[in-house]
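Please look over the sequence and the model shown here before reading on.

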Amino acid sequence: MKRFRHLTALAMVALVATGLTACGGTSTPTAAAQKAQTFPAGSTMAKIQERGKVIVAVKDDFPLFGMKNPVTGQLEGMDIELAGLLAKDLTGSAANIQYVTVTSADREAFLQQHKVDVVIATYPPNPKRQAAVDFAGPYLMSPVTVMVRKGYTEINQPSDMNGKNICVTAGSGAVAMVPQNAPSAKLITFGTITECMQALEQKRVDGVATTNSILLGLMSQNPGKFDMAKGDLLKDGKPASDNDSIGLPKGDKVFHDYLDSFLKKVETGGDWTKIYKDTVGKLTHDSPTPPPILY
């Protein structure tokens with residue numbers, strides 16, 4: 001037996017109808033302006049204020065987090081909402097933001113080359129990434145699981161991935177987690193989650209492994225096509241979760257401390273609960289508490 005997790009077609013309609021934030025350097029049109037803070041001269045925060053906008057790397061193919069609405073052309077999701085709050089906190093308006101689309105494999109390079117100020121793109125730390133960039137947060141913790149085609153009965157739990165073709169996105173946490181749970185699984189790596197989903201639909205792979213919340217979003221866009229295997233993946237013998245965090249260039253402690261304080265303010269002020277309910281919560285229908293700051 002497999003299970004759906006709180007999936008409804010109604011939620012999908014609601015998500016599509018939720019216009020949130022524009023892409024390509026435009027803005028959140030309904031966001032009210034506020035008085036900008038004063039930051040230490042020479043700090044990254046002050047430089048962003050002087051530039052007049054924050055440059056944020058996001059994804060455009062991750063439903064519920066960073067997804068381009070095919071009707072409006074605008075980006076939607078929890079990551080996009082959080083980026084808007086950051087722009088408002090730094091510059092006084094959520095309109096002052098430029099989005100740069102990235103894949104999972106691009107994120108460290110974009111930060112190291114200072115193409116963006118931050119990455120807010122379902123971006124959990126791991127030792128390799130932490131050697132290259134820094135992280136603030138997390139802002140969301142989500143279990144990792146496996147999606148299969150509806151009616152496919154050969155993967156009912158993580159260990160059933162042994163001997164099967166499992167799709168993961170390059171640079172994702174699932175790349176390391178799948179072998180821990182199914183040592184003989186055959187990893188098929190693509191650059192985007194959309195390619196994994198297409199491969200699953202075309203029966204070129206048997207399953208797609210990534211966070212539960214991302215898979216729920218994919219299922220919502222393809223009702224009746226996919227199902228979720230029982231059980232979450234383990235990491236080092238414990239339930240695995242991806243700690244989605246804000247990536248920033250390495251070594252900027254002042255900016256890192258600001259981002260952690262920003263996330264605390266978002267959480268304690270109620271904005272975290274609002275953006276969760278407006279995005280991921282529309283499918284999960286749960287009421288989680290914000291995660292503790294770990295990085």
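Two strands are said to pair if DSSP finds at least two bridges between them, and strands themselves (E, at least two residues), like helices (H or I, at least four), are DSSP runs numbered from the N terminus. The model is predicted, so local features need pLDDT of at least 70 and side-chain atom pairs count only at pLDDT 80 or more, whereas totals for chains, interfaces and linings use all residues. Residues are numbered from 1 along each chain as its sequence is written, and side-chain values use heavy atoms, with hydrogens and water left out.

**Strand E8 and its partners**
- Strand E8 (residues 165–169) pairs in the parallel sense with strand E9 (residues 186–190) over five bridges, and Lys-186 in E9 is the bridge partner of Asn-165.
- E8 also pairs in the parallel sense with strand E10 (residues 207–211), here over two bridges, with Gly-207 in E10 as the bridge partner of Ile-166.
- Four of the five residues of E8 are buried, that is, under 20% relative accessible area with a 1.4 Å probe and protein chains only.

**Asn-69**
- Asn-69 lies in the loop between strand E3 (66–68) and strand E4 (75–76), and it counts as buried because its relative accessibility is 3%.
- Its side chain makes a polar contact with the side chain of Glu-76 at 2.6 Å, where such a contact is a pair of N or O atoms within 3.5 Å, one able to donate a hydrogen and the other to accept it, and residues adjacent in sequence count only if both atoms are side-chain atoms.

Note on methods. Buried means under 20% relative accessible area, exposed over 50%, partly exposed in between (1.4 Å probe, protein chains only).
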